[in-house]
Amino acid sequence: NKKVAEGVPFKHIISNRLKRDLSEEELKKVFEPIKRKLKTYDLDWFFYPLDVNWWKSALDIVANSNVTSSDALHLGQAMNMNVTILITTDGQFKSEGNKYLEEKFKGKYKNFIVLPEEALSIYKEK
């Protein structure tokens with residue numbers, strides 16, 4: 001939206017989408033409407049967006065992988081909350097997210113993002 005407001009052509013925005021230049025203040029402005037929306041669903045208690053490491057993780061994921069920005073937010077938060085497994089029905093997110101984790105962390109997050117049926121079999125084994 002920032003680049004659109006500056007009059008940058010859409011094709012240039014898309015081709016440069018990995019180049020992030022949002023300030024901390026701009027990131028906070030994005031966070032506030034999300035926080036209000038979550039509060040209406042009584043979910044604000046579960047959301048930890050002001051953790052600097054979470055933001056940095058999400059930005060790193062987006063900049064260095066084919067994970068979408070919305071999925072990077074989920075993955076970055078899960079990693080910084082020390083979640084042991086992240087369940088999704090999005091095969092693309094599973095594939096690209098696990099690929100990023102393997103390349104970046106070399107086995108620390110092996111099969112971290114799983115499909116629901118995989119999660120069931122993992123928990124049945126425990």
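**Exercise 1.** Does Glu6 count as buried, partly exposed or exposed, and at what relative accessibility?

*Solution.* Start with the cut-offs: buried means under 20% relative accessible area, exposed means over 50%, and partly exposed is in between (1.4 Å probe, protein chains only). Glu6 has 48% relative accessibility, so it counts as partly exposed.

Before you go on, know your model: it's predicted, so local features need pLDDT of at least 70 and side-chain atom pairs count only at pLDDT 80 or more, while totals for chains, interfaces and linings use all residues. Residues are numbered from 1 along each chain as its sequence is written, and side-chain values use heavy atoms, with hydrogens and water left out.

**Exercise 2.** Find the partner of Glu6 in a salt bridge.

*Solution.* Look for a side-chain nitrogen of Lys or Arg within 4 Å of a carboxyl oxygen of Asp or Glu; that's a salt bridge. Glu6 pairs with Lys3 at 3.5 Å, N to O. Lys3 is partly exposed too, at 30%.

**Exercise 3.** Work out which helices the salt bridge between Asp60 and Lys104 links.

*Solution.* First, check the distance: the closest N and O atoms are 3.2 Å apart. Next, place the residues: Asp60 sits in helix α4 (residues 52-63) and Lys104 in helix α6 (residues 91-105), 44 residues apart. Helices here are DSSP runs (H or I, at least four residues), numbered from the N terminus.

**Exercise 4.** Describe the surroundings of Asp71.

*Solution.* Asp71 lies in helix α5 (residues 69-80) and is buried, at 13%. Leaving out residues up to four places away in sequence, Asp71 touches Asp90 and Phe93, where contact means heavy atoms within 4.5 Å.

Key. Helices (H or I, at least four residues) and strands (E, at least two) are DSSP runs, numbered from the N terminus.
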